[in-house]
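Reader: Could you walk me through this structure, one question at a time? I would like the cut-offs spelled out as we go.

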Amino acid sequence: LVTNTKSENLNRDCLKSLLHDDGFKLEQEAVPDEKAAASLPAGQSTGKTLYFKGQGKEAIATIYRDSNGNTAIVLNTITQMERFK
């Protein structure tokens, strides 16, 4: 988990670039639909989830505004064990 004061879009672009340099490709970007967004706390309705894939690995990042107005990024990476054999 990382938080900063930069915009969600700037964080998205930087994360995409960093993961690209590590061999990941952005596969999908998901945002809440209007109905779901209406039920979320203020500021979190603009959040997004990014799905990345690479050779034998995957990553999922969620980017949203936290309760202090900062941008929060949660990144999970998965590496297939076959890659280490």
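Reader: Happy to start with a side-chain pair: which side chain is joined to that of Lys 48 by a polar contact?

Author: Good place to begin. A polar contact is a pair of N or O atoms within 3.5 Å; within protein, one must be able to donate a hydrogen and the other to accept it, and residues adjacent in sequence count only if both atoms are side-chain atoms. Here the distance is 3.0 Å, and the partner of Lys 48 is Asn 9.

Reader: Before we go on, what kind of model is this, and how are things counted?

Author: Residues are numbered from 1 along each chain as its sequence is written, and side-chain values use heavy atoms, with hydrogens and water left out. Local features need pLDDT of at least 70, side-chain atom pairs count only at pLDDT 80 or more, and totals for chains, interfaces and linings use all residues, as this is a predicted model.

Reader: Thanks! In what order do the elements of the chain run from the N terminus on?

Author: Helices (H or I, at least four residues) and strands (E, at least two) are DSSP runs, numbered from the N terminus. The chain has two helices and five strands. Their order is β-α-β-α-β-β-β.

Reader: Where is Lys 48, and is it buried or exposed?

Author: Lys 48 has its place in strand β3, which covers residues 48-54. Buried means under 20% relative accessible area, exposed over 50%, and partly exposed in between (1.4 Å probe, protein chains only). The relative accessible area of Lys 48 is 10%, so Lys 48 is buried.

Reader: Which residues does Lys 48 touch, not counting residues up to four places away in sequence?

Author: Contact means heavy atoms within 4.5 Å. Asn 9, the polar partner, is on the list.

Reader: Which residues form the largest nonpolar core?

Author: A nonpolar core is a set of buried Ala, Val, Leu, Ile, Met, Phe, Trp, Tyr and Cys residues joined through side-chain atoms within 4.5 Å. The largest one has nine residues: Leu 15, Leu 19, Phe 24, Leu 50, Phe 52, Ala 59, Ala 61, Ile 63 and Ile 73.

Reader: And which element gives the largest share of this core?

Author: Two or more residues come from each of α1, β3 and β4 (57-65). With three residues, the largest share comes from β4.

Reader: Back in strand β3, how accessible is Tyr 51?

Author: Tyr 51 lies in strand β3. Tyr 51 touches residues including Lys 25, Leu 26, Ala 59 and Ile 60. Tyr 51 counts as partly exposed because its relative accessibility is 33%.

Reader: What separates the C-alpha atoms of Asp 22 and Gly 54?

Author: Asp 22 lies in the loop between α1 (8-21) and β2 (25-30), and counts as partly exposed at 47% relative accessibility. Asp 22 and Gly 54 are 32 residues apart along the chain. The C-alpha separation is 8.5 Å.

Reader: Is Asn 68 buried or exposed?

Author: The place of Asn 68 is in the loop between β4 and β5 (71-79). At 65% relative accessibility, Asn 68 counts as exposed.

Reader: Last one: what share of the residues of the chain counts as buried?

Author: The chain has 85 residues. The share of them that counts as buried is 25%.
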